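Visitor: Please walk me through this chain, one question at a time.

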Amino acid sequence: MGRRRENRWQPPEHPEVERPRAYSLSEDARGDNVCHAVTPVPVWAWVQFPTFHVRVKAFARSWTTDAVLVEWAQFGQQADAWIWRSAVKHRTLRPADPRTGNLPQSGARSGPQLARPRTPDST
């Protein structure tokens with residue numbers, strides 16, 4: 001009888017690929033008088049990479065009059081970059097469901113919908 005090999009399937013080994021890094025503004029470009037957030041502010045940010053631009057869900061950690069330091073998750077790791085203030089927009093976080101404490105599923109409505117009042121003209 002043959003002997004069963006242990007660990008006969010192993011995932012293929014791939015060399016670690018260098019991930020692209022986002023462009024970040026220099027100290028001269030971003031300016032002085034940096035304000036640091038006590039609690040990071042949720043934002044949408046356009047981030048520029050060497051070959052593409054992408055809009056990410058990020059958090060603003062610091063800012064000046066011209067630039068914002070944003071932080072986001074990239075390839076499962078934390079990334080940050082200083083970008084122009086005009087490339088950042090505020091966003092709101094969805095509130096947790098008070099009954100379960102979980103965030104609502106995407107596409108799900110976050111609360112009861114109220115019926116619209118009927119008007120005499122509507123049929």
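Predicted model: local features only at pLDDT ≥ 70, side-chain atom pairs only at ≥ 80, totals over all residues.

Guide: Residues are numbered from 1 along each chain as its sequence is written, and side-chain values use heavy atoms, with hydrogens and water left out.

Visitor: In what order do the elements of the chain run from the N terminus on?
Guide: Helices (H or I, at least four residues) and strands (E, at least two) are DSSP runs, numbered from the N terminus. The chain has 1 helix and 5 strands. Their order is α-β-β-β-β-β.

Visitor: How many bridges pair strand β3 with strand β4?
Guide: Strands pair if DSSP finds at least two bridges between them. Val68 faces Ile83 in β4. The two strands form a hairpin with 2 residues between them, and Phe75 in the turn has a positive phi of about 55°. β3 (residues 67-74) and β4 (residues 77-84) are antiparallel, and their bridges number 8.

Visitor: Which element gives the most to the lining of the largest pocket?
Guide: A pocket is an open set of points on a 1 Å grid over the protein atoms alone, where a 1.4 Å probe fits, with protein on both sides within 12 Å along at least five of seven lines; lining residues have an atom within 4 Å of a point. The largest pocket is lined by 14 residues, with Arg19, Arg21, Gln74, Gln77 and Ala79 nearest its centre. Two or more lining residues come from each of β3 and β4. The top contributor, with 4 residues, is β4.

Visitor: Is Thr64 buried or exposed?
Guide: Thr64 sits in the loop between β2 (53-63) and β3. A polar atom of its side chain lies 2.6 Å from the backbone oxygen of Arg30. Buried means under 20% relative accessible area, exposed over 50%, partly exposed in between (1.4 Å probe, protein chains only). Thr64 has 2% relative accessibility, so it counts as buried.

Visitor: What is the relative accessible area of Asp32?
Guide: Asp32 lies in the loop between α1 (27-30) and β1 (35-48). Asp32 is among the residues that Thr64 touches (heavy atoms within 4.5 Å), not counting residues up to four places away in sequence. Asp32 is exposed, because its relative accessible area is 67%.

Visitor: What distance separates the C-alpha atoms of Asp32 and Asp66?
Guide: Along the chain, these two residues are 34 residues apart. Their C-alpha atoms are separated by 9.4 Å.

Methods
Polar contact = N/O pair within 3.5 Å; in protein donor to acceptor, adjacent residues only side chain to side chain.
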